[in-house]
Amino acid sequence: MKEGLDILYALQQKDDQLKEIGGLIQEIPLQIKALEDERDSRSGMIEKAKKKLQNNIEERKKLEREIAAIKEKISKYKEQMKKVTTNKEYQGISNEIKFEEANITGVEEKIIEKMVEADEIMAVIRDTECEFNKIAAEYNQKIKELHDYLDYHKTKLDEETKNKKELRTKVAANLLKAYDNLFVKKAGKVVSFVQTDFCGVCNIKIRPQVLSELVLSNDVLICESCGRILFKNIAGENEE
Ligand SMILES: [Zn+2]
């Protein structure tokens, strides 16, 4: 019975390893997603600037339409001017024309402001795109590496699951049954490796009597505190 414990401990280690690989397989896609989101938020900045530029172009077109409308108004005034009979009427229309011409100057100034703004936005787009392309290449490289890492662990999981099945066939039936029962109750930690005289899982000091039984008897011993199967690597300690 005691002889089977080393295989049982090997099974525990295999299950620990599988748990770790399983954890990584769950964790890596989250890391990939976080990197993708980070990368895409950077490209979002470019999209934002492009929208701003589009708005700027539309605002300029609107201002140009305003100028066209004012010019039309002025040419109508000029038509009216041909038909006036009094000096007062002439003065009145002439003032209207001056007023509208001043309006045009005001709108033209706004257009120039918009053009300056457009240049600034285009510079931001250029810089952000340049920076993004550099960063995106780095992100994509990291993402690719994580995908490779994930594939590696998936293959590893398959291999180690096979190894575990193989290992299970070597464990005595009664021990395996106890292991499987405890596996559920003890959150996957069944066998406790005893380092000197402490339970490797709950860290409680093992009574000397139990410890000597652990070394000398062939019975399977359970930690009095956490209920796990105690395993002491006697051969390994003799080597020290
Ligand atoms: Zn314990």
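Which residues of H1 are buried?

Guide: The buried residues of H1 are Leu5, Leu8, Leu11, Gln12 and Ala49. A residue is buried if 20 or more other C-beta atoms lie within 10 Å of its own, exposed if 12 or fewer, and partly exposed in between, with C-beta atoms placed from the backbone.

A word on the source. This is a predicted model, where local features need pLDDT of at least 70, side-chain atom pairs count only at pLDDT 80 or more, and totals for chains, interfaces and linings use all residues. Residues are numbered from 1 along each chain as its sequence is written.

Now H1 itself. This helix has 80 residues, 4–83. Helices (H or I, at least four residues) and strands (E, at least two) are DSSP runs, numbered from the N terminus. The expected span of a helix is 1.5 Å times one less than its number of residues.

What do the buried residues of H1 pack against? Their partners are helix H2 (87–168), helix H3 (173–185), strand S1 (191–193) and strand S2 (229–231). Two residues are in contact if their C-beta atoms, placed from the backbone, lie within 7 Å.

Take H3 from that list. It has 13 residues and reaches 19 Å from its first C-alpha to its last, close to the 18 Å expected. One of its 13 residues is buried, so H3 lies largely in the open. Just after H3, Ala187 takes a positive phi of about 50 degrees.

Step back to the whole chain. It holds five helices and two strands. Along the sequence they follow the pattern α-α-α-β-α-β-α. The C-alpha trace spans about 130 × 35 × 30 Å along its principal axes. The radius of gyration is 41 Å, but a compact globule of 240 residues would have one near 18 Å. That radius is taken over C-alpha atoms, and the globule rule is 2.2 Å times the number of residues to the power 0.38. Of the 240 residues, 8% count as buried. Among contacts between residues at least 6 apart in sequence, 73% join residues at least 24 apart.

The chain is divided into domain 1 (22–168) and domain 2 (173–239). Their bounds come from an automatic or database domain assignment. The domain centres, taken over C-alpha atoms, are separated by 66 Å.
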